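Student: Hi! Could we go through the inside of this protein together?
Tutor: Happy to, let's bring it up.

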Amino acid sequence: MTSAEKTGEKTDGTTGVRAVWTDFRGVLTPPLPWAVASFCEPMGLEPAALHAAMRTVGRRYGTGSMAPLDTPLVDEDEWGRQVEAALLDEFGIRADMSGFAERWFADRRVNRPWIDELERIRDAGVFVGLLSNMPPGWDPYWRQMVDPGLFDALVMSFETGCRKPDREIFDLAARRSGIPAAQSLLADDLAENCEGAVLAGWHGLHFTDTADAVRVLRKELA
């Protein structure tokens, strides 16, 4: 699905998009399934088991799997201990979740073509922001991968206490940019986040492939 093609269009063929907000994980970095598999492989851990354990921890906080860590409701060390306990209780797996952030970023590479496109449109006068569900422990790592100066504004869940796909974070980002929701676009690898953006009055671009996303983005900005 390329959400930008099914949501947010105007009947006159123009979009009026002036602000482009990009996700980090899975957009500026490799796809999430690859990243999870790469993280799990050295531990001999099945990604499905890790996802299940994270969902178990999330339910304790009345949230989804990552919200306890990226809003944050618990620190990384305690979250890791709870995931380890869930893996042992549910699957009989003994895993070491210590140093989660450092290990998560150990082999990450950046999506250079997408960065190039963001630089190009920003040079052309488009507002470019980073809108991410980001654990606080990840903050120093992403800054080593991507120049924060690329962005006109940063909206991070660990700083705001709210996260995608909830309406609150989209309203906050629009206020930060000073650009109306109807002229704002989110590029995100998770369909539910794009749907949340659309419900907030934004355009949603479901990022599944860089070349396709660049094509859709240029159409939106034309």
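Tutor: One term before we start: a cavity is a set of grid points where a 1.4 Å probe fits but cannot get out, and its lining residues have an atom within 4 Å of a point. Also, this is a predicted model.

Student: OK, which residues line the largest cavity?
Tutor: Asp23, Arg25, Leu32, Asn133, Lys164, Asp189, Leu190 and Asn193. By class, four of the lining residues are charged, two are polar and two are nonpolar. The volume of this cavity is about 60 Å³.

Student: Switching topic, how many residues does the largest nonpolar core have?
Tutor: That core has 52 residues, and Trp79 and Trp104 are among those with the most contacts inside it. Elements giving two or more residues to this core include α3 (47–60), α5 (76–91) and β4 (184–188). A second, separate core has 17 residues, including Phe170 and Trp202.

Student: And what is Trp79 in contact with, leaving aside its neighbours within four places in sequence?
Tutor: Among others, Met54, Val57, Pro68, Met97 and Phe100.

Student: What kind of aromatic pair do Phe100 and Trp138 form?
Tutor: A tilted one, 6.0 Å centre to centre with 40° between the planes. Phe100 is in helix α6 and Trp138 is in the loop between β2 and α8 (139–145), so the pair ties together parts 38 residues apart in sequence.

Student: Is Trp138 buried or exposed?
Tutor: Trp138 is buried, at 1% relative accessible area. Phe100 counts as buried too, at 3%.

Student: Which aromatic cluster are they in?
Tutor: Both belong to one that also includes Phe24, Trp79, Trp104 and Phe151.

Terms used: Residues are numbered from 1 along each chain as its sequence is written. This is a predicted model: local features need pLDDT of at least 70, side-chain atom pairs count only at pLDDT 80 or more; totals for chains, interfaces and linings use all residues. Side-chain values use heavy atoms; hydrogens and water are left out. On a 1 Å grid over the protein atoms alone, a cavity is a set of points where a 1.4 Å probe fits but cannot get out, and a pocket is an open set with protein on both sides within 12 Å along at least five of seven lines; lining residues have an atom within 4 Å of a point. Grid points are joined across faces, edges and corners, and a volume is the space filled by probe spheres set on the points. Ala, Val, Leu, Ile, Met, Phe, Trp, Tyr, Cys and Pro count as nonpolar, Asp, Glu, Lys and Arg as charged, and the others, Gly among them, as polar. A nonpolar core is a set of buried Ala, Val, Leu, Ile, Met, Phe, Trp, Tyr and Cys residues joined through side-chain atoms within 4.5 Å. Buried means under 20% relative accessible area, exposed over 50%, partly exposed in between (1.4 Å probe, protein chains only). Helices (H or I, at least four residues) and strands (E, at least two) are DSSP runs, numbered from the N terminus. Contact means heavy atoms within 4.5 Å. Rings of Phe, Tyr and Trp (its six-membered ring) pair if their centres lie within 6.5 Å; planes under 30 degrees apart count as stacked, over 60 as edge-to-face and the rest as tilted.
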